[in-house]
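I opened this notebook to record what I looked up in the structure. The entries follow in the order in which I made them.

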Amino acid sequence: MNAPVLDLTDTHCHLDLSTFDADLTNVLERAAKNGVKRILIPGINLDSSRKAVQLAEEHPGVYAAVGVHPHRSSSWNDAVAQELRALTQSPSVRAIGEIGLDFYRNLSPQDVQRRVFQAQLALAAEVGLPVVVHSRQALTEVLADLLPWAEQLPKTLRTRAGVLHAYSGDLEAASRAFAGGFYVGIGGPLTYRKAQDLRDITARMPTDRLLLETDAPYLTPHPYRHQRNEPAHVRLVAQELSKLFGIEETAIAQITSQNAANLFGWNNGSKSNHIL
Ligand SMILES: [Zn+2]
């Protein structure tokens, strides 16, 4: 029996981190073998954003987002803003991210996080790109900034304003985000034994608003928890969604890859865009 042909997209994968330096070629090969055809690498600070763009320019099917993560908000200044703006000139840059608020770890002061988040939302609107958003114990504040921001976007961007990555909020907040033009990113936590609430909430979401992601090297899905995560494992998230929705894995892959293409503005069908 032949394995089904999958067309998967990992919309959030930190391949720029040094944990992948030694075996990146193997990691990309395993991803391709598991049907992963596109990967988006979000930057977490200026250096990481530069490396994300470089990797995207070197590998077909790999794209980048550029931005400063809330943990790194204290590194933000006008020069960084100027450099990130310049990086968006690369056609491989498809979003501003990873940006947002993290009031759980509070590695940067909350007022600094909020100011830097707002500055990067302004940058995204200026350059006409969607945003990749990190939110931890801050969903109320994140949506308070995001939804009015999205409302004033030009029409072409308003239905593809961004993604709330590794979504862990309730259905009501997700619905407000969907109405505001946002997608949610679903990753490894969906497979955790104790994540029944997340599975119940996800099962009630419209499939045309869901993206698959690994957040590799973090959030490794079951049964590989406590190992380094990698993009090949996005397939395990697709399998879990397939069970939840009672839809074939190939269809889940196709739907979520089309959603990613709609959000990030790449051509879903083009073979030349695939990794390896
Ligand atoms: Zn991330």
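Entry 1: I began with Thr220, which is buried, at a relative accessible area of 6% (buried means under 20% relative accessible area, exposed over 50%, partly exposed in between, with a 1.4 Å probe and protein chains only). The model is predicted, so I note that local features need pLDDT of at least 70 and side-chain atom pairs pLDDT 80 or more, while totals for chains, interfaces and linings use all residues. Residues are numbered from 1 along each chain as its sequence is written, and side-chain values use heavy atoms, with hydrogens and water left out.

I located Thr220 in the loop between β8 (210–212) and α9 (234–245); helices (H or I, at least four residues) and strands (E, at least two) are DSSP runs, numbered from the N terminus. A polar atom of the Thr220 side chain lies 3.2 Å from the backbone nitrogen of Asn229. Setting aside neighbours within four places in sequence, I listed the contacts of Thr220 (heavy atoms within 4.5 Å) as Tyr192, Arg225, Gln227, Arg228, Asn229 and His233.

**Entry 2: the zinc site.** I next asked which residues coordinate the zinc ion. They are His12 (NE2), His14 (NE2), Glu98 (OE) and Asp215 (OD), at 2.2 to 2.6 Å; donors are N, O and S atoms within 2.8 Å of the metal (3.2 Å for Na, K and Ca), and sites may look incomplete, as water is not among the atoms. Along the chain, the donors of the zinc ion follow the spacing H-x1-H-x83-E-x116-D. Glu98 lies in strand β4 (residues 93–102) and Asp215 in the loop between β8 and α9, so this pair ties together parts that are 117 residues apart in sequence. I found both Glu98 and Asp215 buried.

**Entry 3: the cores.** I then turned to the largest nonpolar core, which has 74 residues (a set of buried Ala, Val, Leu, Ile, Met, Phe, Trp, Tyr and Cys residues joined through side-chain atoms within 4.5 Å). Leu15, Leu84, Val131, Leu146, Trp149, Leu164 and Phe182 touch the most other members. Helix α5 (residues 139–151) gives the most to this core, with seven residues. I also noted a second, separate core of 13 residues, including Val132, Tyr183, Leu263 and Trp266.

**Entry 4: helix α8.** In α8 (residues 196–203), I recorded Leu198, Arg199 and Thr202 as the buried residues. Seen down the helix axis, they fall within an arc of 100°, so they line one face of α8; the arc is that of the directions from the helix axis to the C-beta atoms. These buried residues of α8 pack against β7 (182–186) and α9.

Conventions: A polar contact is a pair of N or O atoms within 3.5 Å; within protein, one must be able to donate a hydrogen and the other to accept it, and residues adjacent in sequence count only if both atoms are side-chain atoms.
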